[in-house]
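Here are a few friendly notes to read with the model open beside you.

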Amino acid sequence: MKRFKWLSFPYFVWLILLVITPIFVMLAMTFLSMNGMSFSKAVWSVDSYARMGDPAIYKALWNSLVVAFFTVLICFALGYPVAYIISFSKLRNKMLVLLVMILPMWSNSMLRIVSWLRLFSTDGLAALHLLGSNEAVIFVTVTTYLPFMIFPIYTVLEKMDRSLLEASRDLGVPAWKTFLKVTFPLSLGGVSSGVIMVFLPAATGFAISQTIGQGKVRLIGNLLQSVFEKNNYNFGSLLSIFVSLCIILAILLIIGLNSLVKKAKAKLASSSLNKGGNL
Amino acid sequence: MARKILELRGIKKTYGDNVILNNFNLSINENEFVTFLGPSGCGKTTTLRIIGGFEKMQEGQLLLDGVEIQDLPSHKRPINTVFQRYALFPNMNIFDNIAFGLRNNIYSNVYDIGTMNLMNQYGYDEEEVDALAKKLSHIEKPKEVKAYVLDYFKSSSITFKLVEALHSLAKKCRFKNYSSFKEELSIALKELSIESKLTFAKDDRFSFVSKCLIGEAAENDNAYKIVSSISKRSFKEEVIHTEVLKALKFVNLEGYEDRDITSLSGGQMQRIAIARAIVNKPRILLLDEPLSALDLKLRKAMRLELREMQRKLGITFIFVTHDQEEAMMMSDTVVVMNNGEIQQMGRPEDIYNTPVNRFVAQFIGEANIIRGVYNAPRRFTGLNREFKVSAHDFRLGDPLYAIVEREDFDICSLDIAKIRGKVLSCLFNDNKFEIVADVNGTKINIESDDRVKVGEEIGLLVAPGNIYCEAKSESKAKLLANYEGGNILEGTYLGNQRVSFLGASFKTYVTTFIPGEVVDAVIRPEDLDLVLEDVDKAFIKGTVIKSVFTGTSFDIFVDVDGTRLLVQDYQNVAPGETIGLRVDSYEVHLMKVGDEEQPKEIVAIREEGRRLALEAEEEN
């Protein structure tokens, strides 16, 4: 492997030029005040930070998290059974079924969103007044990102050693308990990558909320977009960094909670055994 | 060894048009190490999976202790499996892996095991423990087992009786102090024959007195202690903890319980897989090529260890392998399989020494197989030479295969040699030289202590007793009958699958004899079952001459009207006792007997047959 190390060089150049440098530029821009990207007329300022007190930011952020949370929940509830059924079916061509599932993704996502907009505003559906509601935004987000949940779960289930299930059966464990104790815990890797892959775009996207939400559903993405549209790159940078930090924090929180639960479980088990030892 | 635990009858298994097993019959004895040996695709793993309940068969019966279990799901069978790649749960540590069955089985026998442990701890006598264990084995749900056990011990506990008596006393009248209920109490105690050493003051209250009395009674009341242990909420987890540690100790991995599965080596994973299976106390352990994933050195060590484990546990192991060395080293019984059929079944040494057909010989010993003809009585022609052989039950002109083991060829000087060959290769392996020689265009494998030069011409000798002959179309009867140590009884074939010997008529599976033909009936000692009750109804009756304990079972010699039979059984029978014997039809093997012992008519029919066969041969 060492011989091919140099092959990763282009990627590192790419990473430094297009990811790491911009982050530092953005960080610097939060302390400047200027019009658009005209660095020549920039002056030092903390105006951007003063604007962070606006409650509209936090409302939009909260709304984004709510929309993303329900999107993930629904995607999981719909996606897990589908992945499970396809993986454990005796179909000869599972890949074909999966291809059919992602068929809509072959068309442009903007087109799909606009077609939902048209559908929601035609006769019968228009009467339901779906446009402009959180629910409609969540629905369209789910239809857009569902495959991102199905694929990683399907992959881990497919890779799972089937003899584990036989072993569980051999040890006298009924199927539902085997699912809870063996299959599901072992598929958690796929679930967590599915959750992240759906959560991130659902929380930060703005196209769906703008089109389907008709300006009534304001997510953090919409806020960011409007700030950049007004040529305020300084506040925009600060807001972007803030949103990224929030999301990183949320992910760390989930991981932290997970390990805490594990530790607590281990503690509980050992303490119950210590009690047993007193016999 | 007559105690059968598992029986497979007429099993048929197909995948689509592909027939894996067809009319497969096999019986397996208790406390034996049985190996299914065969090349891949021979049906050995399928058979194992049918026993384990992972595969459904199309036809046939599976009997455990004589009870059909083929419709039971795998979790209801007292059978556990060690999988080929171990199948340990990677999301759990070692302790949780081993505890998995005890914790999650809906028919978990945790309470059975826990109760037996407690009873042994408190010194209950074995008979009572066994009796209770038998009763509990019929109760399926752990909760019901728990309730039954609690009832059982409550009813035998003096403390619980005392509590009841005190309750009824308290209901009868209101007591103020000891002096007011002293007499009633002493009557009640006498009824329960409790002699209390406690003395109470006049103004002690009833609640205090009863508390003291209950405490005193409970102190020496084992049943009460058992009840209080079992009714504790943590009881199940405590039992699991003890059993898991016991299992870990058994597989020599003490102190590994908190480790992760991923931190283990192959050999350790193997042992954990065994521990996880045996902790459930199965009657039969199935092992599906468990050593194939290990390296050679470890594999050799694990063989001995597995064998040792089987002896210590005293349960039946059914082991599947394609490695003949493994099978030979570990097993009590080897079942050689090919194309879904049993080729030969017997002790390893019998299979090695007397393979019944070409397949077995080739699979077991890499023996030489020489094509030839049975051209004169006790003469075989092959390799352009005539050999003396011990076989005598073939027709003249029969095409044969002669099987000669590699080590049965002796290298000799050219002038006394029976056959001559040119050495093609000579390799040193396992302290022996493995030689391949070309004899008239046929390659012969030889094993020798001496080195020979490649290209050199060598002479070879082989003793008549070391040439095993097999007809090209062998009959099944002959295959099975070739079993050393069997009881050989002279009998007469009656026709219609019946044979008479020892003055009685028996059913047999053999159909290839002429009615009236004299035959030898062969019955293996372990296939004869003792009948101790209703002896008069048994077909064979005899008197025990002597009984010898051989380490695992008894060799019982029985005199039946002057004929001596050998019976192997786990039960002992006193000399002089009259007992009955029974044998199943598929365990009576018939062997051909030479012309000199046949009635004239049979000889005539045989000769006619031979003449026709010779004619047919010549026409070909």
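1. Across the interface of chain A and chain B, six residue pairs are in polar contact, both residues at pLDDT 80 or more. A polar contact is a pair of N or O atoms within 3.5 Å; within protein, one must be able to donate a hydrogen and the other to accept it, and residues adjacent in sequence count only if both atoms are side-chain atoms.

2. Helices H8 (162-170), H9 (175-204) and H12 (233-277) of chain A each give two or more residues to the side that touches chain B. H8(A) gives the most, with seven residues. Helices here are DSSP runs (H or I, at least four residues), strands likewise (E, at least two), numbered from the N terminus.

3. A word on the basis: this is a predicted model, where local features need pLDDT of at least 70, side-chain atom pairs count only at pLDDT 80 or more, and totals for chains, interfaces and linings use all residues. Residues are numbered from 1 along each chain as its sequence is written, chains are lettered from A in the order in which they are written, and side-chain values use heavy atoms, without hydrogens and water.

4. One salt bridge crosses the interface: Glu166(A) meets Arg49(B) at 2.6 Å, N to O. The rule asks for a side-chain nitrogen of Lys or Arg within 4 Å of a carboxyl oxygen of Asp or Glu.

5. Now look at Val560(B), in strand E27 (residues 554-560) of chain B. Val560(B) counts as buried because its relative accessibility is 2%, and buried means under 20% relative accessible area (1.4 Å probe, protein chains only). Gly542(B) is 18 residues from Val560(B) in sequence, yet 4.4 Å away in space, C-alpha to C-alpha.

How values were computed: Buried < 20%, exposed > 50% of the residue type's maximum accessible area, 1.4 Å probe, protein only.
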